[in-house]
Amino acid sequence: DVELQKTKIVKRAGRVLLKEGADSEISSIFGDLEEEELEDYGPIIADGDCGEFVSWTLYSNGTLIIEGSGAITVPTPASRYFEEYQGKIETVIIREGVTSIPEYLFSGYTGISTLMIADTVKEWGQNCFASCTGLRYLSVPVDYPIFNTYGIFDHCTNVEYVRYTAGRTGKMNDRNGSYGSKP
């Protein structure tokens, strides 16, 4: 049943719980990717497949959730794949199980302010988030060298906070002009 599957996706995608003692603004943005509390993202605007075992769902609150198992694969040029919804996407959550992001997928998406990427992502395509000038909050794998590697975050000059999914956190400083910030 399609509605039952969508309900399961919403429940999996909504696992957000504030951490005890954490900065409340940051905790409310990132939550805890492992917890079970359901957050309401609103109605589904659109959904589809973006890989053999990977799917995406866009909710009315601007949250785009990509989940499944394996690589995100979309037709070239990848930057046009979500183009129809570009102005609606504010938060991108790439769930546990997704292993790679193609080059240029979200390049130039200035409306994205929050990005959460699971530890299972090990391959980052060139410029996959370049020129996301609205990007302020990142939750990324701690063990992957994402900065100054293939221009992944080139021109993301407004990043204020990085949360590493293994638990380390830190405010970004040392802004490096057009190449964004380094943790």
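Q: In which sense do β5 and β7 pair, and over how many bridges?
A: This is a predicted model, where local features need pLDDT of at least 70, side-chain atom pairs count only at pLDDT 80 or more, and totals for chains, interfaces and linings use all residues. Residues are numbered from 1 along each chain as its sequence is written, and side-chain values use heavy atoms, with hydrogens and water left out. Strands are DSSP runs of E with at least two residues, helices are runs of H or I with at least four, and both are numbered from the N terminus; two strands pair if DSSP finds at least two bridges between them. For β5 and β7, the sense is parallel and the count is 4 bridges.

Q: Which residue in β7 is the bridge partner of V92?
A: Look along β7, which spans residues 114-117. There, the partner of V92 is L115.

Q: Is T91 buried or exposed?
A: T91 sits in β5, residues 91-94. Buried means under 20% relative accessible area, exposed over 50%, and partly exposed in between, with a 1.4 Å probe and protein chains only. T91 has 17%, so it counts as buried.

Q: Which residues does T91 touch, leaving out those up to four places away in sequence?
A: A contact here means heavy atoms within 4.5 Å. By that rule, T91 touches G62, T63, L64 and T114.
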